[in-house]
Amino acid sequence: MMHFVPLFLVCILFPAIQATQLTKCEVYRAVEDMDGYEGISALEWTCVIFHSSGYDTQAKVNNKGGTEYGLFQISNKHWCKSSEVPESENICDISCDDLLNDDLTDDKVCAKKILAIKGIDYWLAHKPMCSEKLEQWSCKL
(Lines give C-alpha, C1' and ligand atoms only; values in the text may rest on other atoms or scores of the structure.)
Protein backbone atom coordinates (compact mmCIF):
# COMPACT_ATOMS: atom_id res chain seq x y z
CA MET A 1 0.00 0.00 0.00
CA MET A 2 2.84 2.40 0.75
CA HIS A 3 4.20 2.15 -2.80
CA PHE A 4 0.99 3.72 -4.16
CA VAL A 5 1.37 6.85 -2.03
CA PRO A 6 4.26 8.36 -4.07
CA LEU A 7 2.41 7.72 -7.34
CA PHE A 8 -0.73 9.27 -5.89
CA LEU A 9 1.23 12.35 -4.78
CA VAL A 10 2.83 12.73 -8.20
CA CYS A 11 -0.61 12.62 -9.82
CA ILE A 12 -1.91 15.30 -7.48
CA LEU A 13 1.13 17.58 -7.61
CA PHE A 14 1.76 17.32 -11.36
CA PRO A 15 -1.57 17.08 -13.18
CA ALA A 16 -1.49 16.12 -16.82
CA ILE A 17 -1.43 19.02 -19.21
CA GLN A 18 -4.70 18.87 -21.04
CA ALA A 19 -5.88 20.61 -24.13
CA THR A 20 -8.28 23.44 -23.56
CA GLN A 21 -11.65 22.36 -24.82
CA LEU A 22 -13.61 25.54 -25.44
CA THR A 23 -17.37 25.77 -25.60
CA LYS A 24 -19.33 26.99 -28.59
CA CYS A 25 -20.03 30.27 -26.79
CA GLU A 26 -16.36 30.80 -25.89
CA VAL A 27 -15.36 30.28 -29.52
CA TYR A 28 -18.14 32.50 -30.81
CA ARG A 29 -17.07 35.32 -28.47
CA ALA A 30 -13.42 34.80 -29.45
CA VAL A 31 -14.17 35.23 -33.17
CA GLU A 32 -16.80 37.98 -32.92
CA ASP A 33 -14.15 40.55 -33.87
CA MET A 34 -13.62 38.60 -37.13
CA ASP A 35 -17.32 38.91 -38.02
CA GLY A 36 -17.65 40.21 -41.58
CA TYR A 37 -13.94 40.00 -42.42
CA GLU A 38 -13.76 38.97 -46.09
CA GLY A 39 -17.52 38.38 -45.88
CA ILE A 40 -17.31 35.54 -43.34
CA SER A 41 -19.55 35.74 -40.29
CA ALA A 42 -18.70 34.79 -36.71
CA LEU A 43 -21.33 32.06 -37.08
CA GLU A 44 -19.46 30.57 -40.04
CA TRP A 45 -16.16 30.75 -38.13
CA THR A 46 -17.71 29.02 -35.12
CA CYS A 47 -18.99 26.23 -37.36
CA VAL A 48 -15.70 25.89 -39.26
CA ILE A 49 -13.71 25.72 -36.02
CA PHE A 50 -16.04 23.06 -34.62
CA HIS A 51 -15.65 20.88 -37.72
CA SER A 52 -11.89 21.53 -37.94
CA SER A 53 -10.71 21.11 -34.36
CA GLY A 54 -13.72 20.37 -32.21
CA TYR A 55 -13.02 23.62 -30.29
CA ASP A 56 -9.76 22.13 -28.98
CA THR A 57 -7.00 24.76 -28.75
CA GLN A 58 -4.33 22.05 -28.79
CA ALA A 59 -5.67 20.00 -31.68
CA LYS A 60 -2.81 18.64 -33.75
CA VAL A 61 -3.65 16.46 -36.75
CA ASN A 62 -1.36 14.79 -39.28
CA ASN A 63 -2.62 15.38 -42.78
CA LYS A 64 -1.00 14.45 -46.11
CA GLY A 65 2.62 14.80 -45.06
CA GLY A 66 2.08 17.81 -42.84
CA THR A 67 0.48 18.69 -39.55
CA GLU A 68 -2.37 21.08 -38.81
CA TYR A 69 -2.37 23.02 -35.55
CA GLY A 70 -4.81 24.63 -33.15
CA LEU A 71 -8.40 25.75 -33.36
CA PHE A 72 -8.15 26.76 -37.01
CA GLN A 73 -6.06 23.71 -38.01
CA ILE A 74 -3.33 25.75 -39.67
CA SER A 75 -0.88 23.69 -41.74
CA ASN A 76 2.87 23.64 -41.27
CA LYS A 77 3.30 23.11 -45.01
CA HIS A 78 2.78 26.78 -45.81
CA TRP A 79 1.54 28.85 -42.89
CA CYS A 80 3.62 28.17 -39.77
CA LYS A 81 7.11 26.91 -38.93
CA SER A 82 7.81 23.52 -37.37
CA SER A 83 10.83 21.27 -37.10
CA GLU A 84 8.81 18.63 -38.96
CA VAL A 85 8.69 20.74 -42.16
CA PRO A 86 11.71 23.08 -42.04
CA GLU A 87 11.12 24.17 -45.64
CA SER A 88 7.68 25.63 -44.80
CA GLU A 89 7.00 29.02 -46.33
CA ASN A 90 5.86 30.16 -42.85
CA ILE A 91 3.61 32.79 -44.43
CA CYS A 92 2.15 33.72 -41.04
CA ASP A 93 5.65 34.13 -39.59
CA ILE A 94 4.82 32.07 -36.52
CA SER A 95 5.92 28.89 -34.82
CA CYS A 96 3.27 26.19 -35.19
CA ASP A 97 3.57 25.50 -31.47
CA ASP A 98 2.29 29.04 -30.81
CA LEU A 99 -1.00 27.96 -32.38
CA LEU A 100 -1.51 25.40 -29.62
CA ASN A 101 -1.85 27.77 -26.67
CA ASP A 102 -4.92 29.47 -25.29
CA ASP A 103 -3.99 32.92 -26.64
CA LEU A 104 -5.97 33.04 -29.88
CA THR A 105 -4.64 36.41 -31.03
CA ASP A 106 -1.94 34.99 -33.31
CA ASP A 107 -4.24 32.18 -34.49
CA LYS A 108 -6.81 34.73 -35.66
CA VAL A 109 -4.19 36.89 -37.39
CA CYS A 110 -2.97 33.85 -39.30
CA ALA A 111 -6.52 32.68 -40.10
CA LYS A 112 -7.29 36.12 -41.53
CA LYS A 113 -4.14 35.95 -43.66
CA ILE A 114 -5.16 32.50 -44.95
CA LEU A 115 -8.67 33.78 -45.65
CA ALA A 116 -7.32 36.76 -47.61
CA ILE A 117 -4.99 34.56 -49.68
CA LYS A 118 -6.86 31.26 -50.08
CA GLY A 119 -10.45 32.13 -49.19
CA ILE A 120 -12.79 30.28 -46.88
CA ASP A 121 -12.52 27.10 -48.97
CA TYR A 122 -9.13 26.51 -47.32
CA TRP A 123 -11.28 25.06 -44.54
CA LEU A 124 -12.93 22.13 -46.30
CA ALA A 125 -15.81 21.95 -43.82
CA HIS A 126 -17.11 25.38 -44.80
CA LYS A 127 -18.96 24.66 -48.01
CA PRO A 128 -20.71 21.40 -47.06
CA MET A 129 -21.39 22.17 -43.39
CA CYS A 130 -21.07 25.87 -42.64
CA SER A 131 -22.60 27.84 -45.49
CA GLU A 132 -26.30 27.61 -44.56
CA LYS A 133 -28.55 27.13 -41.54
CA LEU A 134 -26.07 28.88 -39.30
CA GLU A 135 -28.42 29.89 -36.50
CA GLN A 136 -27.39 26.78 -34.52
CA TRP A 137 -23.91 28.30 -34.14
CA SER A 138 -25.20 31.46 -32.50
CA CYS A 139 -24.45 32.21 -28.91
CA LYS A 140 -26.34 35.38 -28.18
CA LEU A 141 -26.81 35.64 -24.45
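This note goes through the core, the sheet and the charged side chains of a predicted model.

1. Basis. The model is predicted, so local features need pLDDT of at least 70 and side-chain atom pairs count only at pLDDT 80 or more, while totals for chains, interfaces and linings use all residues. Numbering runs from 1 along each chain as its sequence is written, and side-chain values use heavy atoms, with hydrogens and water left out.

2. Core. The largest nonpolar core has 35 residues. Such a core is a set of buried Ala, Val, Leu, Ile, Met, Phe, Trp, Tyr and Cys residues joined through side-chain atoms within 4.5 Å; buried means under 20% relative accessible area, exposed over 50%, and partly exposed in between (1.4 Å probe, protein chains only). V31, W45, I49, F72, I74 and W123 have the most contacts inside this core. Two or more residues each come from helix 2 (24-31), helix 3 (42-53) and helix 4 (105-118), and helix 3 gives the largest share, five residues. Helices (H or I, at least four residues) and strands (E, at least two) are DSSP runs, numbered from the N terminus.

3. Surroundings of I74. Contact means heavy atoms within 4.5 Å. Apart from neighbours within four places in sequence, I74 is in contact with T67, E68, Y69, W79, C80, L99, D107, C110, A111, I114 and Y122.

4. Three strands form an open sheet in the order 1-2-3, with antiparallel pairing; two strands pair if DSSP finds at least two bridges between them. Strand 1 (60-63) and strand 3 (74-75) are the edge strands, each pairing on one side only. Four bridges join strand 1 to strand 2 (residues 66-69) in the antiparallel sense. N63 has G66 of strand 2 as its bridge partner.

5. Salt bridge. One salt bridge is found in the whole structure, the term meaning a side-chain nitrogen of Lys or Arg within 4 Å of a carboxyl oxygen of Asp or Glu. The side chains involved are those of K108 and D33, at 2.9 Å, N to O. K108 lies in helix 4 and D33 in the loop between helix 2 and helix 3, 75 residues apart. K108 counts as buried because its relative accessibility is 15%, whereas D33, at 53%, counts as exposed.

6. D107. This helix 4 residue is buried yet has no salt bridge. The nearest side chain of opposite charge, K108, is 9.0 Å away; Lys and Arg count as positive and Asp and Glu as negative, with His and the chain ends not counted. Not counting residues up to four places away in sequence, D107 touches L71, F72, I74, D98 and L99.
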